[in-house]
Protein chains: 2
Amino acid sequence: MATQPLLIDGEWRAARELINAFRAENPATGEAIGPAYPVSGAADVEAALSAASLAASPLAATPPERVAAFLEAYAAGIEADAEALVELAHAETALPTQPRLANVELPRTTHQLRQAAKAARSYGWTQPVIDTAANLRAHRAPLCKPVLVLGPNNFPFAFNAIAGSDFASAIAARNPVIAKAHPSHPATSERLAQLALAAVRETGLPAATVQMLYHLDPSLGERLASDPRVGAIGFTGSRAGGLALKAAADAAGIPAYVELSSVNPVFLLPGALAERGAALAQEFYTSCTMGSGQFCTNPGVVIVPSDAAGDAFVAAAREHFAAAAPHVLFSRGVLEHLQRNLTILRAAGAQLLAGGDAGAPGYRHAPTLLSVDATQFLREPRALQTEAFGPVSLLVRVRDQAEMLAVAHAFEGNLTGTLYTASHGADDATATALTQALRPRVGRLIGNRMPTGVAVSPAMNHGGPYPSTGHPGFTAVGMPAAIQRFTALHCYDNVAEHLLPVELRDANPGGVARCIDGVWCLDPLDKQALHS
Amino acid sequence: MATQPLLIDGEWRAARELINAFRAENPATGEAIGPAYPVSGAADVEAALSAASLAASPLAATPPERVAAFLEAYAAGIEADAEALVELAHAETALPTQPRLANVELPRTTHQLRQAAKAARSYGWTQPVIDTAANLRAHRAPLCKPVLVLGPNNFPFAFNAIAGSDFASAIAARNPVIAKAHPSHPATSERLAQLALAAVRETGLPAATVQMLYHLDPSLGERLASDPRVGAIGFTGSRAGGLALKAAADAAGIPAYVELSSVNPVFLLPGALAERGAALAQEFYTSCTMGSGQFCTNPGVVIVPSDAAGDAFVAAAREHFAAAAPHVLFSRGVLEHLQRNLTILRAAGAQLLAGGDAGAPGYRHAPTLLSVDATQFLREPRALQTEAFGPVSLLVRVRDQAEMLAVAHAFEGNLTGTLYTASHGADDATATALTQALRPRVGRLIGNRMPTGVAVSPAMNHGGPYPSTGHPGFTAVGMPAAIQRFTALHCYDNVAEHLLPVELRDANPGGVARCIDGVWCLDPLDKQALHS
C-alpha cells in the first residue's frame, strides 16, 4: 500500500518497512479521510534514532541564537500556513475552527515557540553557578542525546509532538526531537513537520534536528523508549500507555516525563454557592464541555455541599447538561474509553443526572453529569476517581466541612485542585483547611477559576504528583522549568577557559544572569578575585 | 537477643520484630565490636513510615528559620561530640583518625549541615516565579512526604544517612527523613542519631522529623521504596543495590536519586606527561589509594600514551603501588567485591603491574595497578569498565590521539572525567577533542586535578549520566541543586494572598530573590501593577 513518507534525517522518505497503514477519520462522521500513513517498523525507527544521535552533539554546539531563529522561523511558517493547518486539524479532530483552532490554539502554539526562542537565546534555563574560590562552574546543558516526544490526541497544535510544548522545550535546550505524532491527526502533523523542516533548512540546523514517525506498535515504542541512545522522553496521553513507556525508560535509566490523567477536583464552598451559584453552574458547564471536555484539566469531580444552595447549583447544572446535544469526540477510541469508564463510575455508585448516551453520526457522546454522596465516594475512592475523558463530571455531595475535608484527603495526585470561595471571607476557614489538604495532592492550586485555562507563563505548572504525572518536579508548560526536564547538570572543575561553554566564561559574553559566589548578577567574572 | 533500640517517632524503641541481629567489625582485625543491632522487620518499618507521614505536613509548615536552627544545633552537637564520633568511626571503618575523620570528614559534614541551614533560611532553593498579569505564582515546595535516605559504607559522617548530604538536602526542603544507616558503621550512626534527636527536641521540630533503622533485608527495603507514602529516595552505594531500589520506586512513581558507580577516567595528555610525569605519578598514586581507594570518584581508569614519557609515568606509578603495604578495606564484603571484580578485569585482558593480593589481618588488599592496551579495551569496553572499589586502577595505553579519542567515546556514564594538559598549550587540540567526547559522558569535567576532591560548593556536581547515577539532573552535593531533588513544583493560580506560602506573598516578607515577570529581584510586588 502507498503511504505518506516519513521525515527522517532531513528528508521525506518512503517507509522501509511497513507494519501496517492507517488513515485519519473525520470524527464528526466516522469516515476515513486523507491519505494512508505508515505504522512504522524497526528499520525506520533505527534510521531516525541513529540520525538523531549523530545530530545531537552538533546541535548542542550550535549557537543558541540559531536555535532561536529556527523556533521563530517555524512559528512564522505556522502563521503563514494557518488557514490550511486549521482546516486539516478541524477535519481530523472536529474541534471548532473558531475560536478554538484559529484564535486560541494556533496562536498559543506560535507564542510557545517564541517563548522557547526567547529562553534559548537568554540562556536563562542554564542557570550558571560559579564558585570563584574553588574555580568550579556548573550549569544545565543539552542532553547531547535525542528526546523522544509523543503527542496526545487533544491538542493538534499546542501539544503536537512536532510543534507543542515538549517539542519547543527539548529544542530550546538544543536536543534533537524524534516526534511520534498522534495517529488521530496525521495530516495536521505532517503539515507541521513540513513547516518544521523548512525552518530547519532556512536556519541551517542539523538535518536530523526534527524527525517524525506517525505510528508505532506499542512494543516497538517501548523498545525505542528503552534505547540507551535516547536522552529523555516527553509524553502526554493515557495512563496505561504512559506508564508502559515510563517502565521501559526507567529500566534503562532514561528520564520519562509523562503526563497521564487527572480528575481536577473543584470544591464549591458554601459561601460561594450562596453568593453566585447560578453563575457557577454556567461556568462549570462551559469548562466541562469546552473542546467536548477533552482536556487534561477538565473539572472531572466537583464537590458540592448538600444544602439548599448546593441543590440549586446541581439543578442548574443538570439543566445545562440535559439541554445539550451530543458532542463530537476525537475518535472511536475516545468514545469507547469514555463508555467503559462511565460504566466503572456507575458500577461504583455514581447516579446519572443527565446525559449518558452516545450519539450519531461519528463519535459523539452527550455531556454527562453524575452524582454520588461523600459516604459512597469515600467507600470507593479509587473507582470514583476514574477519569472519564470527555464532557463528563461527577458531583460529590458533602454534608459538612468535615466531609469536604475527608473527600479532599482521598484524592490521589492531580494536575489541579480548585477552591471557589465567597468574596468576603465567609469561606476562609474552610478554604485554609482545604488548601492544606489539597496542596500536596495537586500541581496547581486554583482560586475561583475553572482549571481548563492553562496560561503559557513561566509561573505555570502543568504537572502534578503521581499518578497525574511521573515526577513531582514535572511541568509541560512554563519555561524555564519545562526546558530543564531535558537537560543534564554539568560541572567544570578547574577547566581552561577556552574549553568552557559561553555562559560560564569569565567575560560573560552572552550577558547571562549567573549566580556568582551566591549572588545572582549579570557581571563578568573579576579575574582579580578569581586568581588572588 | 538484646539489640540496640531504633529511633522511631522521637523515641528510642526496642525492635518490635527482630529478623536478625548483627554487630560491627573492626576491619583492621576482622573482630566483632560493639553491641548487637537489629535487622528490622515490617512492623518497625511501618511504625517509622507512618510516623514520618504524619510529621510531613507539620514539618512542611514549620518556619524555615526553625529548620535552619535544627541543622545548626545538630552541627554544633556533632562538633561537641567530635572526639567520641571520630573514635567510633575509626573503629568501625579503619579510616585514619587524622587527618581524614577528625580534620576532613567531620568538618565537611558540619559545614554541609550549615550550608543546608543557610539554604533553608534563604528560600533560595524554592526559586519563586511570579507572573503578575496572569496572577500565577510558582515555586519549589516540600514534598509533604518523607524521604528515605540510604547511606553508603565509605563516608561514615559526610554521606551518613542521618547526617550527610542527602539528609541535609531533604531536611532543608522540610521533608522528614527515614534514615537507613549503613550496617558497616552502626555505632557511629547511632551516636549521630542521638545528636540529631537532641537537636530535634531542642528546636521543637516534629518528633518523627528524623528516624533511624540500621539494617533491612533487601526485599523489605524494596517494599519500603515502593510505598506510595514515600516522597523520594536518596541512595549512595552499589550499582546492583541501587538499581533494585530504583526499580521498586520507579514502579510506584517515586523519584529515586541513586548514586551508583563510576570509574572516573583520567586522560594524561602527552604534553602534561612530558612536562611533569613523575609528579603526576605521585599525584595519581595518592589519589587512588587515599581512603584505601574507597571513593566514588577514585581514578579507576587512567589513559596513558605509549610513548617514552608514558612509559616513565607507568614505571613510576608501578613503583609507588609495588612499595605499598596492603590497605585496610571497610569490610569483608568490600574485599570480596574487589577480588571478584579484579578477576573480571583480568579475564578481560588486564595485566597485573603491581599488587593483586589480599592481606591480613582483617580485610586488606594491596594497592593494585593493572594495564591494558587500547585495542583490547575497545574490544571489551564493558568488562574493562568494571569498578573495582578499592585502591585499584587500570591503565589504558594508547598509541595516538585517535586511539585516545576512541577510548573516550567508549566510556559509559561517569561521575567525573579528567584531562591533564601541558601548561602552555601543547595539548590544546587534543584537549578540545576529548572535551567534546567526554562532556556528555560525565557529570564533572576536571582540568589538571585528581577527581577525588569533591568540594562542598553550589557549583559542584556530584552526579553524572546513567549508570553513574539514575538521573542526568542528579547531584548529591551542591545546594540548591541537591535540595531541589526533594521538592515538588507548586503553582498558585489566582489564590488569595493569605493562603500563599510566605515566599510568594506580595510583600516578600522573607526577602527572597524572585523572578517577577522575567526579572530576578528582591522587590515586593507592586500591587498597583498587579491589579491595574
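Author: Two strands count as paired if DSSP finds at least two bridges between them, and a strand is a DSSP run of type E of at least two residues, numbered from the N terminus. The model is predicted, with local features needing pLDDT of at least 70 and side-chain atom pairs counting only at pLDDT 80 or more, whereas totals for chains, interfaces and linings use all residues. Residues are numbered from 1 along each chain as its sequence is written, while chains are lettered from A and ligands numbered from 1 in the order in which they are written.

Reader: What makes strand E21 of chain A and E22(B) a pair?

Author: Strand E21 (residues 442-447) of chain A and E22(B) share three bridges, which meets the requirement of at least two, so they pair, and they do so in the parallel sense. Within E22(B), B:Asp493 is the residue that stands opposite A:Ile446.

Reader: Which strands stand at the edges of the open sheet, and why?

Author: The open sheet has 12 strands with mixed pairing, in the order E24(A)-E23(A)-E5(A)-E6(A)-E22(A)-E21(B)-E20(B)-E12(B)-E13(B)-E19(B)-E18(B)-E15(B). Strand E24 (519-521) of chain A and strand E15 (351-354) of chain B each have a single partner strand, so one side of each lacks a neighbour in the sheet.

Reader: How do you know that strands E18 and E19 of chain B pair?

Author: Strand E18 (residues 368-373) and strand E19 (residues 392-398) of chain B run parallel and are joined by six bridges, and the bridge partner of B:Ser371 is B:Leu395 in E19(B).

Reader: How do you know that the copies meet through the same surface?

Author: Residues are in contact if their C-beta atoms, placed from the backbone, lie within 7 Å, and the contact takes 58 residues from chain B and 58 residues from chain A. E22(B) gives the most to the side of chain B that touches chain A, with seven residues. Because 100% of the interface residues of chain B are also interface residues in chain A, the copies meet through the same surface.

Conventions
Two residues are in contact if their C-beta atoms, placed from the backbone, lie within 7 Å. Helices (H or I, at least four residues) and strands (E, at least two) are DSSP runs, numbered from the N terminus.
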